[in-house]
Amino acid sequence: MDNFSYLAQSAFPLVWVVVPAAGAAIRARHATSSEERLEIWQRWWAIGAFGCGSLWMTVAFLAFPDVMATAIGFERTPFLFEIAFANLGMAILGFRAASASARERITIGIGGGMFLWGAVVGHVYQWFANGDHAPGNTGGVLVTDILIPAVMIALAVRSRRLANAPRPVAA
C-alpha cells in the first residue's frame with residue numbers, strides 16, 4: 001500500500017466529524033440565540049456524525065466484509081457481522097437523538113461511548129501488542145471513536161444546563 005492510499009484510508013473516518021461540524025457551523029451562523037445554535041449543533045452531530053457515520057459502518061461491514069477486515073488488520077470472522085449490527089444500533093440511536101431531549105442525548109452518547117471507547121482500547125491494544133498499523137485500526141478511526149460520543153455528551157450537557165439556567169426577568 002502506498003503512502004497516499006494509506007493516508008486516505010486512515011483519514012476517511014474523519015469525514016464523519018468534519019462534515020457535521022462544518023454543516024453545523026455554517027447553519028448556526030444564522031441562529032438568533034445560543035439555544036438555537038446549540039440545537040443546530042446537536043442535530044447535525046446526531047444525524048451526521050452518530051447516525052450517518054454508524055450507518056456507513058453498518059453498510060461497509062455487511063457489504064464489504066473482506067475489505068473491512070483488511071482495513072482493520074484482521075482476518076474475516078463472524079465478528080465483522082456483529083460490528084455491523086452494533087453500528088446499526090448506534091445509527092438508529094443517532095437518528096433518534098436528532099429529536100431527543102438533552103437527557104436522552106446524554107444517554108445515547110454514553111451508550112455509544114461504551115461501544116466506541118471500548119473499540120479504542122481494542123485498537124490501541126492491537127496497535128501496541130500486535131503491531132497492527134492497518135489504516136482502519138489506527139489514525140482517524142481513533143479520533144472519531146473518541147470524539148463522536150464525547151461531543152454528543154458535551155453538547156447535551158450544555159443544552160441541559162442552558163435549559164435549567166435561571167432566566168432574567170424583564171422589568
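Reply: Ala134 sits in the loop that links α6 (102–130) and α7 (140–164); helices here are DSSP runs of H or I with at least four residues, strands are E runs of at least two, and both are numbered from the N terminus. Bear in mind that this is a predicted model, where local features need pLDDT of at least 70, side-chain atom pairs count only at pLDDT 80 or more, and totals for chains, interfaces and linings use all residues. Residues are numbered from 1 along each chain as its sequence is written, and side-chain values use heavy atoms, with hydrogens and water left out.

Leaving aside residues up to four places away in sequence, Ala134 touches Tyr6, Thr70, Ala71, Ile72 and Gly73, a contact being heavy atoms within 4.5 Å. Gln9 is 125 residues away from Ala134 along the chain, yet their C-alpha atoms are separated by 9.1 Å.

Ile72 leads on to a helix pair. In α4, Ile72 joins Pro65 and Met68 in meeting Met57, Ala60, Phe61, Leu62 and Ala63 of α3. That α3–α4 contact divides into eight nonpolar residues, no polar and no charged (Ala, Val, Leu, Ile, Met, Phe, Trp, Tyr, Cys and Pro count as nonpolar, Asp, Glu, Lys and Arg as charged, and the others, Gly among them, as polar). The axes of α3 (residues 34–63) and α4 (residues 65–72) come within 5 Å and cross at roughly 110°; axes are lines fitted to C-alpha atoms, for helices over the stretch in contact, and angles run from 0 to 180 degrees between N-to-C directions. So α3 is roughly perpendicular to α4 (65 to 115 degrees; under 35 is roughly parallel, over 145 roughly antiparallel, the rest oblique).

Now zoom out. The protein has seven helices and zero strands, and its C-alpha trace spans about 70 × 30 × 30 Å along the principal axes. Of its 171 residues, 40% are buried. Among contacts between residues at least 6 apart in sequence, 71% join residues at least 24 apart.

An unreviewed UniProt entry places "transmembrane region" features at residues 6–24, 44–64, 79–99, 106–128 and 140–157; positions follow the numbering used here, names are shortened, and annotations may be inferred rather than shown by experiment. In the model, residues 106–128 are 100% helix, with end C-alpha atoms 32 Å apart, while residues 6–24 are 84% helix and span 29 Å between end C-alpha atoms.

Technical notes
Buried < 20%, exposed > 50% of the residue type's maximum accessible area, 1.4 Å probe, protein only.
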